[in-house]
Structures are given as C-alpha cells and as structure tokens.
Amino acid sequence: MAMELNQEYQYGFHDPENYAFKSGRGLTKELVVSISKMKKEPAWMTEFRLRSLEIFFSKPMPKWGDTKLLNEIDFENIFYYVKPMEKRGKTWEDVPKEIKNTFDRLGIPEAERKFLAGVSAQYESEVIYHSLREDLEKLGVLFFDMDSGLRDHPEIVKKYFATIIPPEDNKFAALNSAVWSGGSFIYIPPNTQVEIPLQAYFRINTENMGQFERTLIIADEGSSVHYIEGCTAPTYSSDSLHSAVVELIALKNAKIRYTTIQNWSKNVYNLVTKRAVAHEGAVVEWLDGNMGSKLTMKYPSIYLIGERAHGEVVSVALASGSDQHQDAGAKIIHAAKNTTSVIISKSISRNGGRASYRGLIKVHKGATGVKSTIKCDALMLDEHSRSDTYPTMEIDEKGVQIEHEATVSKIEDEKLFYLMSRGISEEQAKLMIVNGFMEVFVKELPMEYAVELNRLIEIEMEGAIG
Amino acid sequence: MTELLKIKNLHVEIDKKEILQGLNLQMNEGEVHAVMGRNGSGKSTFSNTLMGHPAYKVSNGQITFNGKSINSLKPNERAKLGLFLAFQYPLSIPGVTVANFLRQANKAIKGDAVSPRDFRKILYEKMDDLEIDHLFATRYINEGFSGGEKKRMEILQMAMLEPKLAILDEPDSGLDIDSLKLVADSINKFKEKNPQTGILLITHYQRILDYVRPDKVHVFADGNIVESGGPELALKLESKGYDWLTEKEPAIGRTGVTAKGQ
C-alpha cells in the first residue's frame, strides 16, 4: 500500500496495478471501437458510442460553472478504459487479493453481510464483484452491472438507455456515452417492494483514471427501490476524472430513492449527469451527499411527467479547503398537473472552500396545481470561504405555489457560548452545530451510513479551530 | 459555611463600554441570592460574565469560585467546575436533539458514560418533574418551543447537570402564573436534592420570590449593587419601586436612572 499523502482522507491509499487491460492515455475512435469489441456489444451500441464520441469532440467546454477548473482538465492525459480482471467475481474469493483487501478496508463485504440486499463493486472501469439476495432474484428483480444488463436483457436496455439523458445533452454526457463501462442496471418488476437497499461502490485506483459508469434504474408500476452509491479514490498529485450518467425511470406509482455519498479524493473531477422521470403518481428522491472531489458539478434532475408525481432532491455539500469546489444543486421540471417537489440544499464551506448552489424550477404551461418548496442554506465557517446561490425559475403557468427560502449563516458566537456553558468544548460545539445543520440529510440515511457520514464530517472538521 | 463565590471589585466592559463598575459579592454553599434591578442595570452582564461570555471583558477585579480564580477560564471549563447559567433567552440549535445535547453535556461535565438506557430513564424522570412531554427529548433544542417551554428546558438542563452554582437569569420572565409555579417548584425540588448548590436568581419581579425563598437580596443599579438585605428587601421593592434606592445613591455625576447597556 502506498503512503497516504493526505492524513485527513483515509481512503487515499492505492494498490499496485496488475491489470488485464489498460488503455493508453487519450481518447480515439479506435479506442472506442476496441472497448465495444472487448465487451462484445451489439452493433447499435458501437454506433451509439461512435456517434457520442463525435458529439463530445464537437461540443465546446461548458461556459458556465467553474470554467477555470474545468479548462484545466487534460483529456489527453486520461486513461479511458482499465479492465482490472478477466472475469467478474461471484464471491469475494474470486476477486484478486489486493482488490479484495481494498474493499475490505472500505467495509463493503461487511456491509453486504449486515444490511444490504445486493452489492456491486466497481474498480476502475469494470464491476469486479456483484451479488443479489436470492429471494429478490426469485421475485424477478434484476440487478446487474450495466454491461451484463446489455448482454442479458438487451430488450429492456434498448428501450430505455439514453432516453432520459441523450449524448447531445452535454459534453460530459457525450463523453460518458462514448466510453461508458460498468455502472448498474436495475429493473424492479411491478408491485415489488425492495425493502432494504441495493448498493454500488465505485473505486478508482489508477492515477489519471477516467471512470465512466453508466446506471439505468427502472422501477415498474407500483414498485419501490432504494439504491445507494459510495465512492472513493487514492490521493494523487495529478487529476482523475469521474463522469457518470445515471438515468432513473419511475413508472406509474413507483418509488425510487437514490442516495449518494460522494467521497472522492481531492484530485478527482466529479462531473456527473443524473436525471429521472417520474410518471403518474410516482416518487423520485435524490439524496446527494458531496464530501469529496476537487470539483463537483452535479444537479440531479427530476422530470415530473405524470399527474401527482412527486420529486425531492435533498443535498449536502462540504467544501473544505481552497482546492475544493462543490457546485451542486437540483433541477425539477413540472410537466404535469398537481405535481409537487421539494428541494433542500445544505452547504458548508470552510478553510477557503467554495460551495455553489445551482437550481432550476420549471413549470410547463398547463401544469396546474403545482407545489414546490425550495430551501437553500449555506453555512460558512470562516471568512476565506465562499458560498454562491444561482436559482432559476421558469414558470409558465398561473396559480402555482412556490416557496423559496435561502439563508447564509455562520456559527454564531451566542450559540457557541450556549453550548459551551454546558461543558461542551468549542471544537465539539462547532461540530454539533455542523452536524445539526446536516441533520435533515443524515436522518434520511440508513443508520450505518449516517454514522459513517458523521464520522467523515468529524474528520474534515478536525482542527477546525484557529 | 463554605464560601462558594467571591466577587471582588469587578469591572466589566463590553465594546469598550464599562457596564459593571466595581461590584462585590460573596455567597456561601447552599445559599439562595436574588439579584434584582431594572432592565439595563447590568444584571445580564453580570450573569454572562460569571459564565465567561467572550464578549464581556473583565478589565479589573477577581471572580473566585470554590477558592479558585476563574477569570481566565472558558465557559466549558467553568461548567466543568460546577457553574451553570440558565439563559434569559435560550438559543435554538437546529438539528441537535435535546437528548443528544444533554447526553454530551452530561458526559463533558460529569465525565461518566451512563448507558443510553439509564440516561434516558433519568432524563424522563426529570422531564416528568417539569411536566415536559417525553417527546421533547427528540425535538431539536428550543426550536419552535414556546417561551415557557424554553424556560422549563433550561431548568431541566440544570436538574440534569447538577451544578454547584446555578445562575438563573430571569427564569420567570414571560411566564404565566402556572408556568411560573412549575418552574419555581422545580427549582425548589432541585434545591432539596442538592442542598449544597448555591442559586443566584436574577429577576425583575418579586413574584417568583414568593415561591423560591432567597437568603439574601441584592439590588442592581447602574452596574453595581446599591443595596443588599434579607427577603424583606424584595417586598419593599415591590411596594416602593426602585427609585428610592437610586435616589439615595451618592451623586457622582449620575443623572437619574436611565437604562443603559444590556
């Protein structure tokens, strides 16, 4: 194991590379063809990839967001496809020892035993381990890595793939569409409730790695599922790129909750497109926790296209240090009658960190009876840090009910005094206030994740005084 | 009688403005002292200073608690020595539950790790005493609490943390008579269980002193104690008001009793 560069970040270690395949640096048409060939994909997918590659090359870099950091990305220096092993493991024993050790350190096999219904572990470009509880398998629940999904259930994949996020959507969605590998494919049959969470864990190991997982979740009518993803990477002195595309489809009266605990090391660009459609009476919830990365730009979206559909985005971001910018938010499109939505965004910036909220609420003409609540709270722990809010509203219908509330606060001396007068130290009191600030997010997590998140905050906050 | 608190020639400034001007006070273990005075006479400056609020600068004088100078101690260090301040305006801490907060405070002050189950049992008992619904244990501190609920929550904290000196800053303000009796009963009950604890009861009105009997009464005006006496002093204030005291004050350039400071 390599020495950790960063004491605060405990997942900064990396394994030696002993891979089945590692592409050269840079992106070419030949590479895209060979990825598709290695994966033995149908022709339509190869064509899709090549079309996407052209879109990627032709689209300019975004002119909004943190353009300074975005323009520092060196696309020629990235490894676009790394296959760590020949065959995916059915048991952890099938996984090479070093990789298994890494996941042990991340606590994945243990979590699987204790409280998960299914687990997918992605290392570099491929899912190296996968499991689903037998009872769910019998119910017809499909939970595979995306490549297996395409191979074994091409009819479902072809029907929904890239229908929510086409490659034309943005430059990074186009990039993902060209070189995607891994990610999860989930289908929940009608009226099937998956009570305990399915989890995917993403790990980058190589320096200058590009990880482009692709996830597609379809919850059929009246079904429900909770999917959780976590991610970490080693700490290197040069940058890696993580650019995922995640599409969720909640059919009539279905419910999808998608929880992310993003804890990339501070040399990872995290540029992710996440979007959901909610049909009649369906519910989609994005719970999005951003603790790590160098620059995150991510705005989980929900298209409420059926009557009475409900969408919720609850996000927290911690921007800690002048090398970190969390540019996160939410987009909700009300395209049907009586649809409702809630956005709660909480950001904390400290030590020169920068947190931005970027949000969109759109109400289409004809979408009457819409209700939406937006609440953005920023907590700034010192004067060197920065917090920005960029809310947008496009309302094309009358009589909609929209509440918008935004606050920026710091830790008030009076509150510290109050807590300290009860024997609590200044450091502990600050942590208490910060944890309290995040509580609205943390209380929604399964207990094990809540504990883990609180611990992460504690590590980040260490030495927060002075 | 063991001396609990001794304040000698205390001068306190806030924003470079002197509020307390050479205050002296002494109190023994187990005593109840009432501090009375108009708004702006320096009562809250006094209570905040005792607890170590960083905005209040002691420019001169000495605060001795249990024989130890506490001038330079932080609020949490003072709390660990046994000081407690029931706030006049308790603050809300969103996202932090009453139970979690009190458990951490209890651990910080008493150093012991009571099991969560035992802790909850003790907490519920004390909540029952104050007629606080158990549901409040899982609510966020003071968030959405009524005035009376906040005051009772402060007394609950005192009962849980069992200080050696409890400074109660207007625990009666804004309470109706039923809540006032409840708060007073709890103070008395706490006092019965902790006879050694000293209580410094800061109040505006004589009313609460009908229920919590003071050993001594001090009257504040213009940042100092202008009169001290027994319980009868409070009654006299009730009937005569504060003016007779401030009028007899030696005239050293003061004009009337205009409210100032806090």
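1. At what angle do the axes of helix α4 and helix α5 of chain B cross? The axes of α4 (residues 116–129) and α5 (residues 147–161) of chain B come within 10 Å and cross at roughly 135°, where axes are lines fitted to C-alpha atoms, for helices over the stretch in contact, and angles run from 0 to 180 degrees between N-to-C directions. That makes α4(B) oblique to α5(B), given that angles under 35 degrees count as roughly parallel, over 145 as roughly antiparallel, 65 to 115 as roughly perpendicular and the rest as oblique.

2. A word on the basis of this note: this is a predicted model, in which local features need pLDDT of at least 70 and side-chain atom pairs count only at pLDDT 80 or more, while totals for chains, interfaces and linings use all residues. Residues are numbered from 1 along each chain as its sequence is written, chains are lettered from A and ligands numbered from 1 in the order in which they are written, and side-chain values use heavy atoms, with hydrogens and water left out.

3. To return to the pair in chain B, α4(B) passes α5(B) in a right-handed crossing (a crossing is left-handed if the near helix is turned anticlockwise from the far one by less than a right angle, and right-handed if clockwise). On the α4(B) side, B:Phe119, B:Ile122, B:Leu123, B:Lys126 and B:Met127 meet B:Leu156, B:Ala159 and B:Met160 of α5(B), contact meaning heavy atoms within 4.5 Å. The residues of this contact divide into seven nonpolar, no polar and one charged; Ala, Val, Leu, Ile, Met, Phe, Trp, Tyr, Cys and Pro count as nonpolar, Asp, Glu, Lys and Arg as charged, and the others, Gly among them, as polar.

4. Chain B as a whole has eight helices and 12 strands, these being DSSP runs numbered from the N terminus (helices are H or I with at least four residues, strands E with at least two). Its radius of gyration is 18 Å, close to the 18 Å that the globule rule gives for 262 residues, so chain B is as compact as a globular protein of that length; the radius is taken over C-alpha atoms, and the rule is 2.2 Å times the number of residues to the power 0.38.

5. Chain A has 12 helices and 24 strands, and its radius of gyration of 21 Å is close to the 23 Å from the globule rule for 466 residues, so this chain is as compact as a globular protein of that length.

6. Within chain A, helix α1 (residues 29–38) and helix α2 (residues 43–58) pack at an angle of about 155°, with their axes 10 Å apart, which makes α1(A) roughly antiparallel to α2(A). Here A:Lys29, A:Val32, A:Val33, A:Ile35 and A:Ser36 in α1(A) meet A:Thr46, A:Arg49, A:Leu50 and A:Leu53 in α2(A), and by class the contact has five nonpolar, two polar and two charged residues.

7. On confidence, pLDDT is the predictor's confidence in each residue, from 0 to 100. The mean for chain A is 93, with 97% of its residues at 70 or more, although over residues 1–7 of chain A the pLDDT is below 50. Chain B averages 90, and 94% of the residues score at least 70, but pLDDT stays under 50 over residues 250–262 of chain B. Where pLDDT is low, the predicted coordinates should not be read in detail. For the complex, the predictor gives an ipTM of 0.92 and a pTM of 0.87.
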